[in-house]
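Here's a quick briefing to read alongside the model. Have the sequence and the 3D view open as you go.

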Amino acid sequence: MKNGLFMWVVWFGLIGLAGGCAMSQDTCRQLLVAAESEVYDVIVVPGIPYEDGEWDMLMRGRVFWGKYLYDRGIAKNIMFSGSSVYSPHYESKIMALYAQALGVPDSVIYTEIRAEHSTENIYYSHKKANNLGFKKIALVTDPFQSKMLKSFIKKQVDPEIGIIPFVYDTLSMLNVDSIQVTIVDSTAYNPDFVSIKERESFWKRFRGTRGKNLNESYYKDGDLENDAK
């Protein structure tokens with residue numbers, strides 16, 4: 001077993017064991033096989049905090065997995081989603097910068113900068129994607145978040161949204177751990193940043209993770225945050 005694969009298995013295996021709340025790799029492989037016969041207008045990749053000027057293993061995995069699906073022709077476009085939630089950089093913009101540095105064309109990259117919780121990542125991105133004219137949409141993330149959002153997507157967003165979680169052995173072959181890229185993160189900095197921990201109580205944040213703080217006015221009537229990208 002390659003070292004990179006071992007690290008992914010250990011990392012997400014531990015998360016999954018903490019309650020059996022991650023999709024199995026058999027399920028992930030089945031979903032990838034199904035996706036290979038599809039072409040999605042856009043895939044939504046949820047953000048993760050960018051801290052200490054570095055992207056961690058989970059952010060790497062999400063960016064590389066999105067690029068892999070784009071390179072395979074499974075996705076025409078990629079939308080990274082995430083506001084500046086726990087750190088002063090927009091998660092979506094940081095991930096977009098890394099994707100560009102890895103060779104994904106800027107013309108196919110979009111960002112959604114209002115989401116502060118996983119449920120909001122897919123809810124707001126779906127609305128923005130529709131405003132951009134994208135119809136066939138899939139969520140692309142790790143097995144843990146995929147399982148967590150599956151029911152929410154079906155009940156509150158759109159049951160037609162696809163889900164394409166990481167497949168560890170495939171992800172390992174992408175050399176996620178060894179490829180080094182640099183970005184100019186100042187372009188993703190939010191000068192008005194205030195941590196969500198200072199703006200919201202624990203219980204409000206908890207409600208947000210369950211999709212209870214959705215702002216229905218976002219992306220209404222063709223709104224694109226005044227920025228189509």
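Start at Gly103, which comes after helix α4 and has a positive phi, near 110°. Helices (H or I, at least four residues) and strands (E, at least two) are DSSP runs, numbered from the N terminus. This is a predicted model, where local features need pLDDT of at least 70, side-chain atom pairs count only at pLDDT 80 or more, and totals for chains, interfaces and linings use all residues. Residues are numbered from 1 along each chain as its sequence is written, and side-chain values use heavy atoms, with hydrogens and water left out.

**Helix α4**
- Eight of the eleven residues of α4 (residues 91-101) are buried, so the rest of the structure largely encloses this helix; buried means under 20% relative accessible area, exposed over 50%, partly exposed in between (1.4 Å probe, protein chains only).
- Those buried residues are Glu91, Ser92, Ile94, Met95, Ala96, Leu97, Tyr98 and Ala99.
- They pack against β1 (42-46), α3 (57-71), β2 (78-81) and β3 (109-112).

**Glu51**
- Look for Glu51 in the loop between β1 and α3.
- Glu51 counts as partly exposed because its relative accessibility is 46%.

**The whole chain**
- There are nine helices and five strands in the chain.
- Along the sequence they run α-α-β-α-β-α-β-α-β-α-β-α-α-α.
- Of the chain's 229 residues, 52% count as buried.
- Take the contacts (heavy atoms within 4.5 Å) between residues at least 6 apart in sequence: 81% of them join residues at least 24 apart.
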